[in-house]
Amino acid sequence: MTEGSGNVERLVRLAEDRFDAHRDANYRYTDRMLAYLLIAEWVFGILLSLVISPDAWEGKSRILNIHVPLAILLGGAIVAVPVLLAFVRPGWILTRHVIAIGQLLTSALLIHLSGGRIETHFHVFGSLAFLAFYRDWKVLITGTLVVVADHFLRGAFYPESVYGITNPEWWRFLEHAFWVVFIDIVLLISCLRGVKEMRRLAEQSAQLEAVALSHMRG
Amino acid sequence: MSRRDVGFVLLAVVWLIVVVGGMAYTWRYKTIPGKAATAPERWPAASELRRPSDRPTLVLLAHPRCPCSRASIAELARLQAVIGSKVQTIVLFLRPEGMKEGWERSDLWSKASEIPGVAIVADADGREARVFGTHTSGEVLYYDRSGILAYAGGITGARGHEGTSAGFRTIVSLVRGQRVDRREAPVFGCSLDTKSTESKGRT
């Protein structure tokens, strides 16, 4: 091996190291950020259930609205493991995929707690945008699969709650999924550009380090 | 993979089963209908409500504090925007026996009052609810201009869940004089029955 090719190899390895370190730092940062977001959403869900309608009624008897225990217990269960992994095992591949599932299930729960208001459905798109912070397109796929599975299963078992009709065509869930895929494409392009940018910065950083090192030696 | 990571994988699998099970329970609960009405086929003479003979009459019976009926009132507002003055629309708010006058004037009452062309009436002691044979908040009865019952059921697709429903579309079709496939639909809401032993509707 010549000295020139050895230098190039060292430079490539250095650039790879810088890239990996930067990407790992971004994964860890996003894990923590989304963990705080999940906790905030859990608290928000509880407040929503307490403010909107803490009580339900049977005739003249007041009873606790099921939304309150659902927000506390189911909401708590949804965020518990993603938050745990974010702090105990940050940067790990499973952590971000579990967070993606938790984030989209939180969307589903908030839609439920708000009585299916169309406005709350925008939370799904916001969640996918937050997941794009990872710059890992595979996480977006996981989040999208949760949305598609939710619509597919509800469409199969409780069709009227999703489509307003009792016998929708089997492909109706694809119509809803289409709009999620639409934003996915935008976010996916953003993720790929982000990774490309990170790699370019890593290469520049490695080159600068190599130049600085050769000057010091020279 | 370390033993610790294997533990985390197992934890994630258990977690997924638990939360998916929780969501499934939630949706099952939301789609359990309340007790259906046994509404008279002809406009009941015992009712104190006036029915015009030149247009159909739609009656929505609601519990003023039922959280699920928020969605029914929201859907009524959308329905009213479509059917307008072609139908006389009345919302009856239950005031159970023993409750003070004004108890029924909840935020739901205020929301219903804001819908143009809707008459709001207090149903003292649930008298009209009994006359119309209704048991669940959110029940909609649609009588045609000759006083024949054309539809009985809810106008939401699930408990406290906004969005289009079979009941909503049936009423729109009836108003437009189109053919309808069904004349009833499930109703989702709190029980209107004031005796706890009679309560079949879920909240």
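Before counting anything, I note that contact here means heavy atoms within 4.5 Å. I also keep in mind that this is a predicted model.

Entry one, the interface. With that cut-off I get 43 residues from chain A and 47 residues from chain B in the contact. I looked up the area next: about 3,700 Å² is buried between chain A and chain B, and carbon and sulfur atoms give 67% of that.

How many salt bridges does the rule find across the interface of chain A and chain B? I get 1. The partners are Arg89(A) and Asp5(B), whose side chains meet at 2.7 Å, N to O.

Which elements give two or more residues to the side that touches chain B? I list β1 (55-58), α2 (67-88), α3 (93-113), α5 (137-157) and α6 (159-163) of chain A. Sorting that side by class, I get 25 nonpolar, 10 polar and 8 charged residues.

I picked α3(A) and α5(A), which pack at about 35 degrees with their axes 9 Å apart. Their crossing is right-handed. From α3(A) I note Arg96(A), His97(A), Ala100(A), Ile101(A), Leu104(A) and Leu105(A). From α5(A) the contact takes Lys138(A), Val139(A), Thr142(A), Gly143(A), Val146(A) and Val147(A). By class, I count 7 nonpolar, 3 polar and 2 charged residues in this helix contact.

Note on methods:
Residues numbered from 1 in each chain as written. Chains lettered and ligands numbered in written order. Predicted model: local features only at pLDDT ≥ 70, side-chain atom pairs only at ≥ 80, totals over all residues. Heavy atoms only, no water. Buried area = accessible area lost by both parts, 1.4 Å probe. Salt bridge = Lys/Arg side-chain N within 4 Å of Asp/Glu carboxyl O. Helix = DSSP H or I, 4+ residues; strand = E, 2+ residues; numbered from the N terminus. Nonpolar A, V, L, I, M, F, W, Y, C, P; charged D, E, K, R; others polar. Axes fitted to C-alpha atoms, helices over the stretch in contact; angles between N-to-C directions. Left-handed = near helix turned anticlockwise from the far one by under 90°.
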